[in-house]
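Try each task first, then follow the solution step by step.

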Amino acid sequence: MENSVDTLIEMNVSGRVLDLCKEFYDPDIVMVSDGEIFASSMQEAYDKQKSFIDSVRKFDVKLLTKNIAGDTSVIEFEYSLLNSDSKVSHFFGRHTQTWAGGKIIKEVYETIRNG
């Protein structure tokens, strides 16, 4: 699983979020974002993230921490994204992922702090 997590990190840092959805999300993934259900399938997650990703002109993503224990990975990133309207979104996020069969079956995202 560690190799998969490392590849996922590389893809996220390089802005290939849609590719990592296809590669690592289970078809029936449940995604929670800041306490709210974000998506109940890989396709729903892909579609919602695509509209967001399409509005980003430049990705600057840095890995802060990576922890793996059993079937769970916890990854924290610093995000600085230049949007198509030339505004910069700067925030820190934690992704807690539950893995099974080489795929993420549940992901809980939390904004740690903005700016």
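Helices here are DSSP runs of at least four residues, numbered from the N terminus. Keep in mind that this is a predicted model.

**Exercise 1.** Find the salt bridge partner of Lys 50 and explain how far apart the two residues sit along their helix.

*Solution.* 
Step 1: A salt bridge needs a side-chain nitrogen of Lys or Arg within 4 Å of a carboxyl oxygen of Asp or Glu.
Step 2: Lys 50 meets this with Asp 54, since their closest N and O atoms are 3.0 Å apart.
Step 3: Both residues belong to helix 3 (residues 42-54), and because they are four residues apart there, about one helical turn separates them.

**Exercise 2.** Are Asp 60 and Lys 62 buried or exposed, or in between?

*Solution.* 
Step 1: Buried means under 20% relative accessible area and exposed means over 50%, with partly exposed in between.
Step 2: Asp 60 has 32% relative accessibility, so Asp 60 is partly exposed.
Step 3: Lys 62 has a relative accessible area of 42% and is therefore partly exposed as well.
Step 4: The side chains of these residues, Asp 60 and Lys 62, form a salt bridge with an N to O distance of 3.4 Å.

**Exercise 3.** Which parts of the chain does the salt bridge between Glu 110 and Arg 94 tie together?

*Solution.* 
Step 1: The side chains of Glu 110 and Arg 94 meet at 3.6 Å, N to O.
Step 2: Glu 110 is in strand 6 (residues 103-114) and Arg 94 is in strand 5 (residues 88-100), so the pair links parts that are 16 residues apart in sequence.
Step 3: Glu 110 is partly exposed at 33%, and Arg 94 is partly exposed at 25%.

**Exercise 4.** How do strand 1 and strand 5 run relative to strand 6?

*Solution.* 
Step 1: Strand 5 and strand 6 are antiparallel and joined by 10 bridges; in this pairing, His 95 stands opposite Tyr 109 of strand 6.
Step 2: The hairpin of strand 5 and strand 6 has two residues between the strands, and Gly 101 takes a positive phi near 60° there.
Step 3: Strand 1 (residues 25-33) runs parallel to strand 6, with five bridges between them; Val 32 has Val 108 as its bridge partner in strand 6.

**Exercise 5.** How many salt bridges does a search of the whole structure find?

*Solution.* 
Step 1: The search finds seven.
Step 2: Glu 2, Asp 6 and Lys 66 are linked in a salt bridge network.

Note on methods:
Residues are numbered from 1 along each chain as its sequence is written. This is a predicted model: local features need pLDDT of at least 70, side-chain atom pairs count only at pLDDT 80 or more; totals for chains, interfaces and linings use all residues. Side-chain values use heavy atoms; hydrogens and water are left out. Buried means under 20% relative accessible area, exposed over 50%, partly exposed in between (1.4 Å probe, protein chains only). Two strands pair if DSSP finds at least two bridges between them.
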